[in-house]
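Here are my notes on the ligand and the space around it. Please keep the structure open as you read.

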Amino acid sequence: MSRLIRAVIDTGALRHNLQTIRARAAGARVLAVVKANAYGHGLVQTARALPEADAFAVARLEEGIRLREHGVRHPVVLLEGVFTAEQLREAARYELELVVHDALQVHLLEADAAGHRFRLWLKIDTGMNRLGFRAGEFPEALRRLERLPSPPLEVRLMTHLARADDSPAQTREQLARFRQAIRGHLGATSIANSAGVFGETAVGGEWVRPGLALYGASPFADRSAADLKLRPAMTLTTSVIAVRSVPRGETVGYGGTWRAERDSRIAIAAAGYGDGLPWALPNGTPVLVDGRRAPLCGRVSMDMIAVDVTGWGPIEVGTPVVLWGEGLAVEEVARRAGTIAYELLCGVSQRVPLEMR
Ligand SMILES: Cc1ncc(COP(=O)(O)O)c(C=O)c1O
């Protein structure tokens with residue numbers, strides 16, 4: 001087995017984060033969001049590592065089918081629902097639950113001659129302006145669902161927060177719209193993503209829908225995962241494959257974006273944008289070489305990075321290098337690349353083996 005780049009997934013951290021979310025969400029049930037290959041952590045492996053989750057949420061039908069084909073028996077919710085009669089049949093066959101966010105989807109259910117019965121999550125748009133019925137359209141959509149020839153097993157009500165990470169005012173506004181829209185209607189509700197669970201505004205709801213927090217990253221710019229008592233689940237790790245001397249004045253890598261100001265020792269590590277490391281990472285981005293911070297020098301290549309270890313003791317081929325995870329928050333690396341932790345985690349490429357621990 002290659003000891004080069006791999007994503008080590010700490011299943012204990014996944015379980016710890018689920019417990020932390022549970023404690024914070026006082027009594028709410030947890031719909032663990034495992035879409036996009038569980039944010040890069042492995043869809044099936046993550047679901048298997050979290051048997052205590054109350055249900056799993058994915059974006060697409062194929063993801064739900066994959067969970068079923070690998071024996072996951074928990075309730076599984078399709079966050080985007082289905083878009084064709086064929087998909088509706090498949091969702092029924094695999095006993096998936098559907099988000100209904102659009103009149104087309106109500107129509108598909110009405111036109112379903114086989115009369116499949118689903119648990120439905122009716123989505124109300126309270127300000128995200130992405131998916132969902134507007135408050136004024138919601139009563140009619142609900143009425144149509146309640147009158148389906150084969151009534152739903154249950155209709156739950158949900159909305160999604162656009163700025164729970166940075167705008168309590170907008171969150172309060174969305175909550176007010178949601179409460180106003182569902183007034184007088186029975187049904188379990190689901191509102192909070194990770195930022196909704198950990199934010200200052202009490203969001204409530206019978207179900208929470210955390211993604212990022214499960215994986216041990218913080219959705220907030222000003223609060224770390226450690227502040228939220230979360231532990232990183234993924235450590236992206238590789239090793240040194242060459243060490244070289246670079247004379248003062250020479251440059252390293254494509255484009256010559258880093259020049260040695262002194263005679264330098266440069267470690268080359270096996271990780272690049274072909275693995276999901278952003279090309280945009282600038283000089284100075286930290287990586288951990290044998291547990292110590294060292295700055296990136298020169299551009300990220302497809303398969304390699306260069307790291308300045310001038311003045312360090314002996315660094316050898318095989319010395320471990322951590323790109324993010326234990327000891328180096330993915331949020332910090334993301335900030336250096338001008339992106340978000342979500343994108344880095346989801347972007348770990350297919351050639352990177354996952355190692356569940
Ligand atoms: C509808 C819905 N709910 C919950 C989540 C989880 O969000 P987060 O990862 O910020 O917790 C997402 C993620 O994008 C989502 O689209």
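1. Which residue has a polar side-chain atom 2.9 Å from a nitrogen atom of the ligand? Arg 209 does. Keep in mind that this is a predicted model.

2. Now turn to the oxygen atoms of the ligand. Gly 211 uses its backbone here: one of its backbone N or O atoms lies 2.8 Å from a ligand oxygen. Arg 130 uses its side chain, where an N or O atom is 3.4 Å from an oxygen atom of the ligand. The protein covers 90% of the 400 Å² of accessible area that the ligand has on its own.

3. Next, the shell. There are 13 residues around the ligand. The nearest are Lys 35, Tyr 39, Ser 194, Gly 211 and Tyr 342. By class, this shell holds five nonpolar, four polar and four charged residues.

4. Where does the ligand sit? The space it takes is the largest pocket. That pocket holds about 890 Å³ of space. Its lining is made up of 38 residues. Closest to the pocket's centre are Lys 35, Tyr 39, His 160, Asn 193 and Tyr 342.

5. Which elements give two or more residues to this lining? They are helix 2 (35–39), helix 9 (194–198), helix 10 (330–336) and helix 11 (341–346). Helix 11 gives the most, with four residues.

6. Last, the make-up of the pocket lining. By class, it has 22 nonpolar, six polar and ten charged residues. Find Lys 35, Tyr 39 and Tyr 342 in the view: they are among the residues nearest the ligand, and also among those closest to the centre of the largest pocket.

Technical notes: Residues numbered from 1 in each chain as written. Predicted model: local features only at pLDDT ≥ 70, side-chain atom pairs only at ≥ 80, totals over all residues. Heavy atoms only, no water. Near = heavy atom within 4 Å. Polar contact = N/O pair within 3.5 Å; in protein donor to acceptor, adjacent residues only side chain to side chain. Areas by Shrake-Rupley, 256 points an atom, 1.4 Å probe, with all protein chains shown as cover. 1 Å grid on protein atoms, 1.4 Å probe; cavity = no way out; pocket = protein on both sides within 12 Å on 5 of 7 lines; lining within 4 Å. Sits in = over half its atoms within 2 Å of the grid points. Nonpolar A, V, L, I, M, F, W, Y, C, P; charged D, E, K, R; others polar. Points joined across faces, edges and corners; volume = space filled by probe spheres on them.
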